[in-house]
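Got a structure open and wondering how all those labels get handed out? Let's take some of them one at a time and check each value against its rule.

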Amino acid sequence: MVNKVTLIGRLGSDPEMRTLENGTPLGRFSIATSESYRDRNGEWQDQTEWHDVVVWRNAAERAQRSLTKGMLVYIEGKLTHRKWQDKDGNNRKTTEVVANYFRQLASPGGQGDGGGTNYQHTPSTSSTEEPAPAKAPTPGNSFDDDGEDLPF
């Protein structure tokens with residue numbers, strides 16, 4: 001079985017950092033991914049999705065030091081779902097990407113050359129193989145050949 005997520009997007013805000021009671025660093029940030037496609041009427045549509053990302057331990061500290069709002073980043077991790085209760089006792093659900101690898105692709109608003117900073121969190125029980133560098137998406141990718149309004 002495989003649970004792997006790969007995202008390239010822009011940070012919506014600077015990473016938020018906190019330390020758990022046991023001293024474990026935890027970082028959170030969101031990234032936006034977007035795509036363009038033509039609908040049935042031939043009109044271009046932009047669709048943006050927001051993804052909540054969680055980083056732990058050294059990855060959290062690295063994210064706080066090196067990532068800022070607006071940066072283009074490459075993220076690899078796994079999809080997780082949590083259930084919790086808010087302060088009013090309401091049951092809530094959250095879907096997050098727990099990142100084990102990230103790479104800065106460009107600075108905020110910058111036209112980066114694809115270079116940047118790498119960080120891979122390697123749990124002691126997993127392989128240390130590092131993935132190949134990612135390439136940024138190219139503008140103008142579309143799904144207009146079939147006339148459908150879905151991008152796939």
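Q: Why is the contact between lysine 4 and glutamate 76 called a salt bridge?
A: In this predicted model, the side chains of lysine 4 and glutamate 76 come together with 3.9 Å from N to O. The rule asks for a Lys or Arg side-chain nitrogen within 4 Å of a carboxyl oxygen of Asp or Glu, so the pair gets the name.

Q: What makes the pair of lysine 4 and glutamate 76 a tie between parts of the chain?
A: Look at where the two sit: lysine 4 is in the segment before E1, while glutamate 76 belongs to strand E5, so the pair ties together parts that are 72 residues apart in sequence.

Q: Is lysine 4 buried or exposed, and how do you know?
A: Lysine 4 has a relative accessible area of 55%. Exposed means over 50%, so lysine 4 counts as exposed.

Q: And glutamate 76, buried or exposed?
A: Glutamate 76 has a relative accessible area of 8%. Buried means under 20%, so glutamate 76 is buried.

Q: How many salt bridges turn up by this rule?
A: The count comes to 3.

Q: What makes glutamate 96 and arginine 28 a salt bridge?
A: Their closest N and O atoms are 2.5 Å apart. The cut-off is 4 Å, so this pair passes. Glutamate 96 lies in strand E6 and arginine 28 in strand E3 (residues 25-38), so parts that are 68 residues apart in sequence get tied together.

Q: How do you know which accessibility labels glutamate 96 and arginine 28 get?
A: Glutamate 96 comes out at 6% relative accessibility, so it counts as buried. Arginine 28 comes out at 30%.

Q: What makes Arg28, Arg82 and Glu96 a network?
A: Salt bridges link the three of them.

Q: Which other strand does E5 join, and over how many bridges?
A: Strand E1 (residues 5-11) is joined to E5 by 6 bridges, and the two run antiparallel. For instance, valine 5 has glycine 77 as its bridge partner in E5.

Q: What about E2 and E3, how many bridges are there?
A: Strand E2 (residues 16-19) and E3 are joined by 4 bridges and run antiparallel. Arginine 28 shows up again here, as the bridge partner of glutamate 16. This hairpin has 5 residues between its strands, and glycine 23 takes a positive phi near 90°.

Q: How many aromatic pairs does a search of the whole structure find?
A: It finds 1. Tyrosine 74 and tyrosine 101 form this pair, with 5.8 Å centre to centre and 80° between the planes. The centres must lie within 6.5 Å, and planes over 60 degrees apart count as edge-to-face, so that is what the pair is called. Tyrosine 74 is in strand E5 (residues 72-85) and tyrosine 101 in strand E6 (residues 91-106), 27 residues apart. Both tyrosines are buried.

Q: Where does pLDDT stay under 50?
A: One stretch is residues 112-117, and another is residues 122-152. For the whole protein, the mean pLDDT is 79, and 70% of the residues reach 70 or more.

Note on methods
Residues are numbered from 1 along each chain as its sequence is written. Side-chain values use heavy atoms; hydrogens and water are left out. pLDDT is the predictor's confidence in each residue, from 0 to 100. Contact means heavy atoms within 4.5 Å. Rings of Phe, Tyr and Trp (its six-membered ring) pair if their centres lie within 6.5 Å; planes under 30 degrees apart count as stacked, over 60 as edge-to-face and the rest as tilted. Buried means under 20% relative accessible area, exposed over 50%, partly exposed in between (1.4 Å probe, protein chains only). Two strands pair if DSSP finds at least two bridges between them.
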